[in-house]
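Visitor: I am new to this structure and would like a close look at a single part of it. Could you take one chain and walk me through it?

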Amino acid sequence: MEFPAALFPSYFGAGPPREEGGPALAAGWGERGQVLEGSPGRRQQAQPAFVPRRGGTGETWDPAEAAAVPVLPPSAGRWIPSPALQDILYRNNVCRKLRAGRSGATLDFAKQLGHFFVDHPEDAFGSMGRLLHKNFYLGNSKLKRPARSSTIRMTALMKDIDRLEARRGCHRQHLASRLRWFSHLCRDWLFEVPLGLLADCLHEELLLQWSDLLFDDSLTGGALAWLPSGDAGSRMGRLVHPGGQAMNHLFFQDVVLEELPHGRGCPAQFELSGRIRQVAAARVDGEDFVGVRSDYHCGVWRVPGRTGSAPAPLQVIRTDVPASCLTVSPHLPGELAVCTESGTVYLWSVETGLQQLRHDPQTMFFRDHSPWRWSDFTAHPRVLSCADRTGLQCLDARAPKKCHFDLFKVGEEAGCQQGERVVLPMYLGRAHPSQYLVTTQFSVYVLDERLPLVPVLKWPHMMKAPPLFAHLMPGDPGRTHKVLLGASRTQELLLLQYRGGSQSACQLAGAPQKLHSITGCLQHLPTQLPHHHHLLQQRLGAPAAGLAATLQKDRTCETMLVFQLSEAGDVFCQRLTHEAARPPAPTSRDEATTAPGSSPLFEEPASSPLGLGTAVLRYHRWLKVLFRGCRKPSQRSLPPSLSQRRLFTRKDLEGPTGPTALQRQVQQWLRQVMREGGHIQHWEPLALQPPALPQLPEPEGALDLLSTRLTAAWSGDWEQWWEDRTSFSVAQRQRALRERRRRQKRARGRRSLSASFTSSLTYQSELSELSDAGPPQLYRGHPHVLSQEGSPAASSPLPGSPPASPAPDEALLSSQSLRCRGIPKERRKTLRDYLSVWAEAPPEPPELPGSQASQLCIPSSQSQLSSASQTRRKRPRMGF
Amino acid sequence: SSHEHRLNFKKSKEACLSYIQDAMLQKQWKRAAEFLTCYVESLEKDYSREPIGPSEMIWRIGTEILCHHSHSSMKEFNCFMEQMKTLGVKRYLKVCLEHVFHLLCNGQIDEAYQNLSLAESWRYGEQTAIQDKEMKLIQAYRGLLDYYSWSKQKNILLEHGLDGFADLSVEQEMHSCFRKAAVNLKEIIKIPGVWDLFVKCYVDLLEFYGDHNEACQVLNEYAYNSKFPANPNAHVYLYQFLKRQGESKKSLISALKILHDIVPSHELMIDFNTMLQKSKKRKKRRLGLEVIFAALDYAGWKENVKAWSCLARQVKQIVISKKHLDWIKQEWNSRKDWWPAFHFSRYLAKRNWQENKSLSYEKALVAGILLGKDCKYFKYVSHQGCKAQVKRFRMLKKFVNRHNPVYLRISG
């Protein structure tokens, strides 16, 4: 490996960053940096020739289309946008004016708490409401004397509340004395959940969401990968991307690279039980290894290089703390680097398992609060880099404690600014074995590990959001290496070129270039109906979630294809053509500004009419599918009703040999009740045969509150239970609640991804619970049973006890699973009673979303349905 | 009100800037230039206290546009730069330096020199730390240009010297260039930094005038001062100097040993290995084996025939002599769990055989000895070699088969 004979001059100082200054819009322009003598050998003849560090000539790549074009049809099912600013922030005119001078956001805490009370009145005030309902009067007329002593007229209170609403923002609220009096009186006992605790939890969650909204580093690295075909000259490739409503399906989609790339055939699909945050890929020995990271699970797939060969899942690991990084070794097959937010770095080998390289919850060079960690490979297969927000260190996996050196420090060494932090490090091995890329929110650096701490290249990238994604396209000798940088929230895409590293020093080549963002196509689309426009705006404006690119060489021209993934699961592509090989095309578009609706994409003749046609056609088709998809859920959003015909087939109701005596009796009951329109609570269960009753679940140790209450209600001695409960000490209630909250937090997102792998390993390195990882075969017999463990309110089995797997019918009857299916509360009991009677012939479950076609592609062992996508249909509200 | 006015002005300024930015990032230089003419207005009411004020923006953006705009000329560029220099006192030196860089890249060495001299004489109140650094750089670059004119005159003199005709004035001018260059170059290389270019020139000057001690001291300081970054070139320059001076093997080896310690993957490691292999001392030959093994650990050396033949030669030597097999064993111990997959996979055997037969020969020899005759790499290559009836592959197979017990000793 050659090292440049001379490097560009630079100062070297140690210590904290000295330069002040925030993000500056023009910081990247106009500088040459330094100069160096270009070719020292030829100095004898004439004057020395100098080359600049920045601003040398680069290659010219021109966009072929006016906007990015969708590659794949929009994913079926409605996309649930993540919370936006206006969902969280407090927006009040009065407040805004008052705070105009001050910066800082106010979280709308009251609104979120209000959401909770409105959406979950049962959970919030259920038992008290029922106990007290005699004491509340809802009518308008005046109360009579004997009742007046123990009854409150609610209409008056409601009026006061309305008045308060009208005066929102007014500081003189003491006028509503009745409300104050009421709230003062019942603040302590009206709520099922202690209000202080609830508020604490909610506030914590709001802060979490808010910080995610400002900068979500869980997406670092991006969830899109391009696997080029193994055969040289092939025009095929494979896109690996997440999809589905919860972004928990992994797709391997074959793509044909023609004028515009398009998918071919049905993608191989894997359902995982967590949102996919990152997809990383590397090619070793002609095979691609694809690493997939979700919060608590990391998995690795092997994809043979031949086109059309099926991807094979290899292994999965589970972590207790969310993983923040997963990178695949470009040197050795089946080796990956994993980091968790607890500050642990592992070398993960499919053959030998996990090896912990470092565990340090503190950051390396100075104190920073962020738990984000990253690791990547270097030129030496046994040396890994570890990064946190303060810098990068390289350590030898054979002696990680002893052998390490600092590669990059946020400080004077690299000429950093104050407040600068590492955002994404990336090994540039395909361009040069010892080069490294580091991006911060201000600048992008190229490092050479043979000369640590001194960046061989630095350039302020001027992007509005920190670049979370990067992609390298190495150039042949004599050509430039291309680096793409991508930001998430702003969808920015920037193309940089650089050269050098071995014979000559590194130089930035040409001016950086902005590529189309996904939202950019909005102005080129024909005018839409307002609600369609709004939907489109929301969909196209979704934050970017990944970036991939490939260079395609043809006889006459060279094209660059850039793929961009959005959080909605859409994959867009744009084509750039290389100037040198391109036939002269009209580039007069350069100066034209485009008005909405009148765009070169749709009207102006472009360089190739075929390309224009396909792009427009692609858009039309995409829009059609998108709008068709968005119409469906509006029908679906009606409260789901169960018709008798759906529940029971005619045959079930009549029976081939005529109903038995019991059945006839039940039918009679049923008819009678339906005729009366009465409550099913009047059903007398005792009249039925004992076996028809679902068994009372045995109270096993510490059941949670909800279960005990339900149990009590089920057996009829609910009032007694309430008596017991009121004597429950408040402290105990709080403890129980805290426990529940903690469990929920832990349970969130940690569902068994392992179920979708043929071989699954569990490492106990970070106290992985062994209890809830049943072998995948367990579910094979009942593929449609919704297991209880996924639903948020379910209690996890006690550690040590055998996994409590309820019988299918019981699971079907549990109130959680019924709620999951959208069955309204008042009908759940009806249904439960029906089902318990007809236990011998369980009815077909309501149809589950997910088309037949996609299921065919899932290998049989992977067809287990997780409940993740079921429970998340509702738009998430803060904290609940 | 004035506050509102300021706010609006700021807003429109920002909008204008974002238009410019957008145009530049899409390489629409003409459009950007048009917007820039509007932005110049912001200079009139420069209320900002931001680190990069409008005048710096205009300098940066204007320079960039002039570099890429199809209708710009060098004259316009110089004119623009002169205006920019007067716009801000704080940035004067920086703008000068960038202007000089631009001139140098366009081959206008004399104009650059004039600009440097002018900038050097600039004085304005107390200098900040950054300005101090910039001034040092300006002086250094002037020293560099002095060095170039020195070397030009030296060449003239050497040519004419051969004719037996020496021009006194040329010689005098050359010496004055030397003095000017030496003073400035000496100054900058004292400060911690990467000064490859300046160090090389300074050492060249010193060597020409026979001041080898000073040259040696400068190079040692550049390589070993702990305040300087660990620059491999510093060690390379020292090694090359020592070689030119005809220093002993021992001092050359010790210079390369340090380079090996900081950059085991440096290209000079081949030279180092051959030097060590020739040595009569056991310790040195042992180090040679270590060096070549360490170099081949790196991905960049994977397909380096020279390195593999070095390793193959030394391993073969050891196997034939049957002495020091433990050296191989020790080196192999820390690599046996990953070298087979990294270097000796079946996939690589196929590819190496197709692309580079001599590489696959050397690697097969090493694989055969380290992993035995049943190793995939060796089996594939020797099979293909025998099939193609190449003599040396048949010899290779024989050699490995004969020495198979060695493998057992190494792996055992």
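Guide: Here is a walk through chain B, ending at one residue. This is a predicted model, in which local features need pLDDT of at least 70 and side-chain atom pairs count only at pLDDT 80 or more, while totals for chains, interfaces and linings use all residues. Residues are numbered from 1 along each chain as its sequence is written, and chains are lettered from A in the order in which they are written.

Let us start with the outline. The C-alpha trace of chain B spans about 95 × 65 × 40 Å along its principal axes. Its radius of gyration, taken over C-alpha atoms, is 31 Å, whereas a compact globule of 412 residues would have one near 22 Å (the rule is 2.2 Å times the number of residues to the power 0.38).

Within that outline, chain B has 22 helices and one strand; these are DSSP runs numbered from the N terminus, with helices (H or I) of at least four residues and strands (E) of at least two. Of the 412 residues, 51% count as buried, meaning under 20% relative accessible area, with exposed over 50% and partly exposed in between (1.4 Å probe, protein chains only).

Now to the residue. B:Leu168 is found in helix 8 of chain B, which covers residues 168-188. B:Leu168 counts as exposed because its relative accessible area is 64%. B:Leu157 lies 11 residues from B:Leu168 in sequence, and the two are 9.6 Å apart in space, C-alpha to C-alpha.

How values were computed. Side-chain values use heavy atoms; hydrogens and water are left out.
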